[in-house]
Amino acid sequence: MTRLLGERGYDAMTLADIATTAGLARTAMYNYYPDKESLLIAFTAHETASYLERLDAELDTVSTPIDRLRVFIRIQLDHLATRHIGAGSVAGVLSEDGERRMAEHIAPLADRLRAIIRAGVEQRYLAAEDVDLLVPLVTATIAGRSTADLTADRLEHAIDATTSYVLRGLGARVGKDGKARRLPASAAD
């Protein structure tokens with residue numbers, strides 16, 4: 001489905017196209033999904049659940065909010081390079097209910113980021129700011145970086161540059177050794 005969305009876009013793609021790509025009979029798709037929107041939402045739910053499992057497993061390997069933020073950015077940019085359905089592929093084509101259901105599936109990702117940033121502020125690794133304002137800014141920074149056509153070396157560079165940019169934007173202090181430093185109590189407030 002991701003490939004068809006990238007090649008044709010949501011409007012031009014049909015359930016018959018998806019069935020053919022999946023090696024199914026054209027009418028078989030209708031036994032499970034009444035329309036493209038239902039299939040897209042089910043696909044998004046499946047992909048998001050798999051993504052969150054991977055993200056949570058990686059987040060569990062690190063302890064500081066800065067390292068967790070680094071993992072979040074790395075996993076997100078890697079995912080955008082390989083499997084992500086760009087928002088532009090479906091922007092403005094879903095029904096109001098479809099957009100709401102799609103947002104429900106994606107919300108846990110923002111929740112993970114919110115928790116990481118909140119912990120960073122609480123533990124004085126990040127400057128005190130309104131976390132709910134920061135989450136969409138960080139999300140836009142990450143999602144706005146196209147990585148789909150990058151070589152492995154360029155992807156690594158994009159991940160490093162994006163991570164550095166986000167950390168600076170959030171007021172993190174990172175030494176030349178790459179280790180995060182807590183902010184003084186007065187600077188964190």
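Mentor: Let's call it a salt bridge when a side-chain nitrogen of Lys or Arg lies within 4 Å of a carboxyl oxygen of Asp or Glu. We're looking at a predicted model, where local features need pLDDT of at least 70, side-chain atom pairs count only at pLDDT 80 or more, and totals for chains, interfaces and linings use all residues. Residues are numbered from 1 along each chain as its sequence is written, and side-chain values use heavy atoms, leaving out hydrogens and water.

Trainee: How many salt bridges does the count come to by this rule?

Mentor: Arg 54 and Asp 78 make one of them. That pair joins distant parts of the chain, 24 residues apart, with Arg 54 in helix α4 (residues 36-59) and Asp 78 in helix α5 (helices are DSSP runs of H or I, at least four residues, numbered from the N terminus). By this rule, the count is eleven.

Trainee: How far apart are the closest N and O atoms of Arg 70 and Asp 67?

Mentor: Both sit in helix α5, and because they're three residues apart, about one helical turn separates them. Arg 70 is partly exposed at 23% relative accessibility, and Asp 67 is partly exposed too, at 27% (buried is under 20%, exposed over 50%, partly exposed in between, with a 1.4 Å probe and protein chains only). They form a salt bridge, with those atoms at 2.8 Å.

Trainee: Which residues are linked with Asp 97 in a network of salt bridges?

Mentor: Start with Asp 97 and Arg 101, whose closest N and O atoms are 3.6 Å apart. They're four residues apart in helix α7 (residues 96-122), so about one helical turn lies between them. The network links Asp 97 with Arg 100, Arg 101 and Glu 104.

Definitions and conventions. Helices (H or I, at least four residues) and strands (E, at least two) are DSSP runs, numbered from the N terminus.
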